[in-house]
Amino acid sequence: MEGDQKRKYSCCFTGHRPEKLHAPEALIIKQLDDAIQNAINNGYSAFITGMAKGVDIWAAELVLKYRCIHPQIKLICAIPYKGFGLHWDKDWTGRFSQIIQQADAVHYICPKFSYGAYQKRNIWMVDHSALVIAVFNGSSGGTWNTIAYAQKQSGCVIQYITPATP
């Protein structure tokens, strides 16, 4: 498949870190699970995660779960720079490392840290996706920037998950 054909069946994730969500982790994971199931049912087979704590890691873990059932599913990790994710607490770093080991592809967007590496990663993910699943609470930051960029891209659909405590 060529670029546009691949993009047609690709989905990426954007979302806040856990401390900004103000909703239980289990609720967000359930909403992500529903969104991923829906995407699979609609023919999406490649899922791109930026591998940040929270939404990105949870989504990657769910995609890996579904890959066991649907072997055509691929997980692509878009990592902002080499060394990202390796200096978190033991739990998050362990989860990050396990996902990287199981991913179908890992792309390092920049060779080393820079503040711009995060936005370059987000642009790369959107440019390679037809669907963006966005866990968004309305606040400014990287998630907002990713959504704003996706809104300007032709053929890119955004599915919002709005975290709220029940």
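Reader: Where is His-22 in the chain?

Author: His-22 sits in the loop that joins α2 (18-21) to α3 (25-41). Keep in mind that we're looking at a predicted model.

Reader: Is that residue buried or exposed, and how do I tell?

Author: You go by the relative accessible area, and the cut-off for exposed is over 50%. His-22 has 62% relative accessibility, so it counts as exposed.

Reader: What about its backbone? What is the phi of His-22?

Author: First the general idea: most residues other than glycine have a negative phi. His-22 isn't a glycine, yet its phi is positive, about 55°.

Reader: And what is the phi of Met-51?

Author: Met-51 has a positive phi too, about 65°, and again the residue is not a glycine. Met-51 belongs to the loop between β2 (46-49) and α4.

Reader: Is Met-51 buried or exposed?

Author: Buried means under 20%. Met-51 has a relative accessible area of 0%, so it is buried.

Reader: Let's go to helices. How should I describe two that pack together?

Author: Two packed helices are described by the angle between their axes and the distance between the axes. Take helix α4 (residues 55-69) and helix α5 (residues 90-102): their axes cross at roughly 40° and come within 10 Å. That angle makes α4 oblique to α5.

Reader: Is the crossing of α4 and α5 left-handed or right-handed?

Author: Left-handed. On the α4 side, the contact is made by Ile-57, Trp-58, Ala-60, Glu-61, Leu-64 and Arg-67. The α5 side brings Trp-92, Arg-95, Phe-96, Ile-99 and Gln-102.

Reader: How many residues of each class are in that contact of α4 with α5?

Author: Seven are nonpolar, one is polar and three are charged.

Reader: Now α6 and α7. What are the angle and the distance between their axes?

Author: Helix α6 (residues 116-127) and helix α7 (residues 142-151) pack at an angle of about 40°, and their axes are 10 Å apart. So α6 is oblique to α7. The crossing of α6 past α7 is right-handed.

Reader: Which residues of α6 and α7 meet?

Author: From α6 you have Gln-119, Asn-122, Ile-123, Val-126 and Asp-127. They meet Gly-142, Asn-145, Thr-146, Tyr-149 and Ala-150 of α7. Sorted by class, this contact of α6 with α7 has four nonpolar, five polar and one charged residues.

Reader: Can we zoom in on one of them? Is Asn-122 buried or exposed?

Author: Asn-122, which lies in helix α6, has a relative accessible area of 6%, so it is buried. Leave aside its neighbours within four places in sequence, and Asn-122 is in contact with Gly-142 and Thr-146.

Reader: Which residues in α7 are buried?

Author: Thr-143, Thr-146, Ile-147, Ala-148 and Ala-150 are buried in α7.

Reader: What do the buried residues of α7 pack against?

Author: Those buried residues pack against β1 (10-15), α6, β5 (131-135) and β6 (157-161).

Reader: What comes in the stretch between α7 and β6?

Author: There's a loop there, and Gly-155 lies in it. With 60% relative accessibility, Gly-155 counts as exposed. The C-alpha atoms of Gly-155 and Ile-29 are separated by 27 Å, and the two are 126 residues apart along the chain.

Reader: Where is Pro-111, and what lies on either side of its loop?

Author: Pro-111 is in the loop between β4 (105-110) and α6. Its relative accessible area is 69%, so Pro-111 is exposed. From Pro-111 to Met-125 you count 14 residues in sequence, and C-alpha to C-alpha they are 17 Å apart in space.

Reader: Last one, the cysteines. How many disulfides are there?

Author: A disulfide is a covalent bond between the sulfur atoms of two cysteines. In a model you check the distance, and the pair has to be within 2.5 Å. By this rule, the count is zero disulfides. For Cys-11, the nearest cysteine sulfur is that of Cys-12, 6.3 Å away. For Cys-110, the nearest is that of Cys-77, 16 Å away.

Reader: Are Cys-11 and Cys-110 buried or exposed?

Author: Cys-11 is at 0% relative accessibility, so it counts as buried. Cys-110 has a relative accessible area of 9%, so Cys-110 is buried.

Technical notes:
Residues are numbered from 1 along each chain as its sequence is written. This is a predicted model: local features need pLDDT of at least 70, side-chain atom pairs count only at pLDDT 80 or more; totals for chains, interfaces and linings use all residues. Side-chain values use heavy atoms; hydrogens and water are left out. Axes are lines fitted to C-alpha atoms, for helices over the stretch in contact, and angles run from 0 to 180 degrees between N-to-C directions. Helices (H or I, at least four residues) and strands (E, at least two) are DSSP runs, numbered from the N terminus. Angles under 35 degrees count as roughly parallel, over 145 as roughly antiparallel, 65 to 115 as roughly perpendicular and the rest as oblique. A crossing is left-handed if the near helix is turned anticlockwise from the far one by less than a right angle, and right-handed if clockwise. Contact means heavy atoms within 4.5 Å. Ala, Val, Leu, Ile, Met, Phe, Trp, Tyr, Cys and Pro count as nonpolar, Asp, Glu, Lys and Arg as charged, and the others, Gly among them, as polar. Buried means under 20% relative accessible area, exposed over 50%, partly exposed in between (1.4 Å probe, protein chains only).
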